[in-house]
Amino acid sequence: MNRRRLQRLSTRGLLYVGAVFLALQAAFPFLWMVSTSFKPPVEVFAQPPSFIPHGPTWDNFWRLFTATGFLTYFRNSIIVSGLAVLLTMVVSAAGAYSLTRYQYLGREKIAGLILCTYMFAPIMVVIPFFILVKKVGIENTHFALVLAFTSFCLPFTLWLMRAFFKTIPLQLEEAALVDGAGRVRALIYVVLPLALPGIIATSIFTFILAWNDYIFTRILITSDELKTLPVGVQDLFHSALIDWGLIMAAGMMITIPALLFFIAVQRYLIRGWGAGAVKG
Amino acid sequence: MTDMSKPKLQPVVPSGVRSTFVLVTAKLGIMRRATCIPVTRPKRREQLTGFLTIAPALILILGLTLYPVAYSIWLSLLEKHSFFPQQRFVGLENYFYLWKDPEFWSSLWLGTVYSIWTIFFQVILGVAAALILNETFVGRGLVRGIVLFPYMIPTIVAVILWKWLLNDTYGVVNYWLVALGIVWEPICWLGADHIMLSTIIMSIWQFFPFVLLSILARLQTIPPELYEAAKVDGASAFRRFVHVTLPQIRGILFVVILLRSIWMFTKFDTVWLMGEGAGAGRFIRTLPVYAYMRTLTYYQAGLGAALAVIMFGILVVCTVIYFGLFREEADIG
């Protein structure tokens with residue numbers, strides 16, 4: 001009896017050790033980033049490194065906002081990600097509605113094709129995409145970037161929205177039709193309110209993807225005033241002496257919006273229907 | 001009307017719905033009102049609206065993903081400068097060039113090494129972590145949230161974080177290793193000897209939450225009775241894993257390994273950003289990085305496209321073999 005209790009206790013103990021390790025390995029690098037971003041230059045390079053800054057300062061953030069193009073990059077990121085979400089959602093909501101509510105020839109084939117393109121990696125698309133964009137003459141524009149993000153996100157948003165629309169019972173719509181509502185009214189008053197959580201969650205996934213993108217922006221955008229955050233921050237690296245305090249402050253400022261949105265959709269992720277929702 | 005919202009009566013296929021609908025309404029005695037609704041809707045109009053609503057998505061996917069990928073096959077047969085419009089048809093010359101190019105073979109090798117190690121550890125760690133997070137303990141929700149952080153942040157942030165942690169002079173990792181007496185002198189993590197190892201560790205850290213998430217979602221749907229039955233039979237924890245858990249997660253494991261393999265083999269940003277500015281970049285010049293460099297460092301768009309096509313070809317062949325090897329799992333997944 002005693003031995004059994006001991007065994008159970010040690011299993012619980014191991015479980016907690018594992019859980020603490022999992023939390024720490026994920027959180028520590030971020031905490032270290034936060035710590036570094038508040039350190040004055042002398043402390044950043046101090047040995048031994050201290051976890052809590054002795055003389056915390058906003059100096060790194062101040063320099064980030066005034067001496068670099070950070071605010072421009074931030075604005076660009078918001079604009080491009082926002083537009084990409086808008087376009088993606090309108091197109092994929094319509095597409096998902098079609099895939100679940102109408103019957104027509106080749107519907108399942110189209111769904112399969114979409115799932116196939118989900119597996120295309122950005123590097124395979126971006127090289128020809130870049131050449132084509134140059135041919136059309138829209139290189140170095142936010143428009144090209146929005147199109148690129150949309151094409152990149154569409155397969156998975158369509159797939160997610162399709163799964164979501166499938167869970168909305170058709171009877172509700174049919175009932176609205178019985179009561180004399182037209183298809184459009186049934187859509188606006190019955191389907192959309194029910195689909196709203198799914199639409200919001202999918203939008204956030206799309207936003208995170210667009211916000212985090214590096215490769216499309218690196219290749220399609222050349223002028224500094226059009227760059228988004230990931231590329232802009234990478235360029236902070238190019239100076240001869242790396243200003244780690246400044247870079248960590250920048251890293252924190254990019255992470256915060258992504259994390260806020262992540263917290264908003266986290267429960268969907270863990271509940272499972274969004275498993276595999278984010279590509280990369 | 002209340003009858004209709006019972007979950008039992010909710011088939012997924014529209015045609016099924018109609019018959020159920022008719023059935024239900026017949027039961028309720030309102031058959032006359034119901035029959036004229038969906039059944040008599042003009043078929044052709046339905047088809048047209050269906051096509052029109054999927055059309056924008058289809059056009060965007062065809063035009064912006066499939067067409068570029070097809071175009072890259074054509075592009076790989078050209079000699080073309082990335083920025084100027086001149087182009088010349090050279091047939092398979094780009095491929096012959098790559099065949100004799102040692103850098104291509106080295107990038108293929110480095111890419112394979114990188115993908116195999118990262119995939120292997122992602123899957124092991126992801127499954128182990130999912131098993132832990134599927135148990136009940138205090139603070140489980142919080143840990144589940146925190147663990148997913150690394151997967152959600154921009155790659156550039158993950159890379160600057162790790163470059164700072166691994167910095168040879170001021171990095172906290174080296175400081176601890178020396179302070180704890182594990183090594184005598186700081187390790188040059190981003191130097192030629194260790195950069196591959198650093199990149200692999202960092203990639204595992206960044207991407208194993210994807211495996212965790214997918215497996216955890218599946219674990220939550222395994223009926224607890226299965227475990228109870230196994231416990232009654234006196235199966236140890238290990239045997240319960242092998243005989244109960246593993247068969248249940250086999251299908252999703254198949255899909256996850258497939259997706260992770262595709263994405264790790266074509267991983268660009270993590271590897272490129274780790275190598276950039278470190279001076280040892282060529283020791284992690286994997287196939288995607290090499291394709292990028294041919295296009296945008298040497299401006300040889302044709303060669304870049306040829307590399308992308310080769311990458312695509314390798315993936316297709318491997319996927320077919322993979323499906324052949326694990327036919328059973330493919331059916332479940």
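1. Basis and conventions. Residues are numbered from 1 along each chain as its sequence is written, while chains are lettered from A and ligands numbered from 1 in the order in which they are written. As the model is a predicted one, local features need pLDDT of at least 70 and side-chain atom pairs count only at pLDDT 80 or more, whereas totals for chains, interfaces and linings use all residues.

2. Confidence. The model scores ipTM 0.89 and pTM 0.86. Two residues are in contact here if their C-beta atoms, placed from the backbone, lie within 7 Å.

3. Chain A as a whole. Chain A holds twelve helices and zero strands, where helices (H or I, at least four residues) and strands (E, at least two) are DSSP runs numbered from the N terminus. Along the principal axes, the C-alpha atoms of chain A fill a box of roughly 75 × 75 × 35 Å. Of the contacts in chain A with a separation of 6 or more, 76% are between residues 24 or more positions apart.

4. Chain B as a whole. Chain B has 15 helices and two strands. Of its 333 residues, 35% count as buried, and for the 280 residues of chain A the share is 46%. A residue is buried if 20 or more other C-beta atoms lie within 10 Å of its own, exposed if 12 or fewer, and partly exposed in between, with C-beta atoms placed from the backbone. Among contacts in chain B between residues at least 6 apart in sequence, 64% join residues at least 24 apart.

5. The contact between the chains. Chain B brings 82 residues to the contact and chain A brings 84 residues. On the side of chain B that touches chain A, helix H3 (residues 43-75) gives the most, with 20 residues. By class, that side of chain B has 61 nonpolar, 16 polar and five charged residues; Ala, Val, Leu, Ile, Met, Phe, Trp, Tyr, Cys and Pro count as nonpolar, Asp, Glu, Lys and Arg as charged, and the others, Gly among them, as polar.

6. Helix H9 of chain A. H9 (residues 183-212) spans only 38 Å between its end C-alpha atoms, whereas a straight helix of 30 residues would span 44 Å at 1.5 Å a residue, the expected span being 1.5 Å times one less than the number of residues. A kink of about 50° lies at Leu196(A) in H9(A), shortly before the proline Pro197(A); the bend at a residue is the angle between axes fitted to the seven residues ending there and the seven starting there.

7. Around H11 of chain A. Six of the eight residues of H11(A) are buried, so this helix is largely enclosed by the rest of the structure; the buried ones are Leu229(A), Pro230(A), Val231(A), Gly232(A), Val233(A) and Gln234(A). Arg218(A), in helix H10 (residues 215-220) of chain A, is itself buried, with 22 other C-beta atoms within 10 Å. The C-alpha atoms of Arg218(A) and Pro230(A) are separated by 8.8 Å, the two residues being twelve apart along the chain.

8. Phe38(A). This residue is found in the loop between helix H1 (2-37) and helix H2 (41-44) of chain A, and Phe38(A) is buried, with 21 other C-beta atoms within 10 Å. Not counting residues up to four places away in sequence, Phe38(A) touches Pro53(A), Pro56(A) and Thr57(A).

9. Backbone angles worth checking. Most residues other than glycine have a negative phi. Asn140(A), however, has a positive phi near 60° and sits in the loop between helix H6 (122-136) and helix H7 (142-166) of chain A. For Tyr299(B), phi is likewise positive and near 60°, and the residue lies in the loop between helix H13 (287-296) and helix H14 (301-325) of chain B.
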